[in-house]
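Dear colleague,

I am passing on the structure we talked about, and below it you will find my notes on what came out of the analysis. Please read them alongside the coordinates.

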Amino acid sequence: PTDAPRVLRLISEAFATAQSKISAAEAKRDSANVRLRQSESARQNETKIAADKAKHYNETVKEVRRQRDEAMEEVNKLHRTIQTMKVQSSVLSATKSLSAPAPPPAAPMSVSNDMRTALQKEFD
């Protein structure tokens, strides 16, 4: 019975120590939860940024391919136009040559006597 106050004091001190440890552990847990939420939020932000970058890249690639396809279509169209113009030019040229009067026959070359004599001396 005389030790009862001392036992009560020991129990009270042990309880206070336990409460203090529990409070410290809860504070650590809360701090860890805050860091976990922050890291999860940062991870989600990074994931969103990566997804946005991938989406932007894909959209850019699609746009560049569309522009390339349009340019190729335009090049092909111009190529066909050039080919058509070449054919038309050939047809017009052929038509013109068929409808043009024939050139007069070439006159026989006349060589003067002096020229003939000079040539004969040259080759003799």
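A salt bridge is taken here as a side-chain nitrogen of Lys or Arg within 4 Å of a carboxyl oxygen of Asp or Glu. With that criterion, a search of the whole structure finds seven salt bridges.

Please keep in mind that this is a predicted model, in which local features need pLDDT of at least 70 and side-chain atom pairs count only at pLDDT 80 or more, while totals for chains, interfaces and linings use all residues. Residues are numbered from 1 along each chain as its sequence is written, and side-chain values use heavy atoms, with hydrogens and water left out.

As to the overall picture, the protein has two helices and zero strands, where helices (H or I, at least four residues) and strands (E, at least two) are DSSP runs numbered from the N terminus. Of its 124 residues, 1% count as buried, buried being under 20% relative accessible area, exposed over 50%, and partly exposed in between (1.4 Å probe, protein chains only). The accessible surface comes to about 11,700 Å², of which 61% belongs to carbon and sulfur atoms; these areas come from the Shrake-Rupley method with a 1.4 Å probe.

Turning to individual pairs, aspartate 52 and lysine 48 meet through their side chains in a salt bridge (3.2 Å, N to O), and both lie in helix H1 (residues 4–99), four residues apart, about one turn of the helix. Aspartate 52 counts as partly exposed because its relative accessibility is 40%.

Arginine 66 and glutamate 63, three residues apart in helix H1, are likewise separated by about one turn, and their side chains form a salt bridge at 2.5 Å, N to O. Arginine 66 is partly exposed, at 38% relative accessible area, and glutamate 63 is partly exposed at 33%.

A further salt bridge joins the side chains of aspartate 69 and arginine 68 (3.0 Å, N to O); aspartate 69 is partly exposed at 42%, as is arginine 68 at 48%. Finally, salt bridges with shared partners link Glu63, Arg66 and Glu70 into one network.
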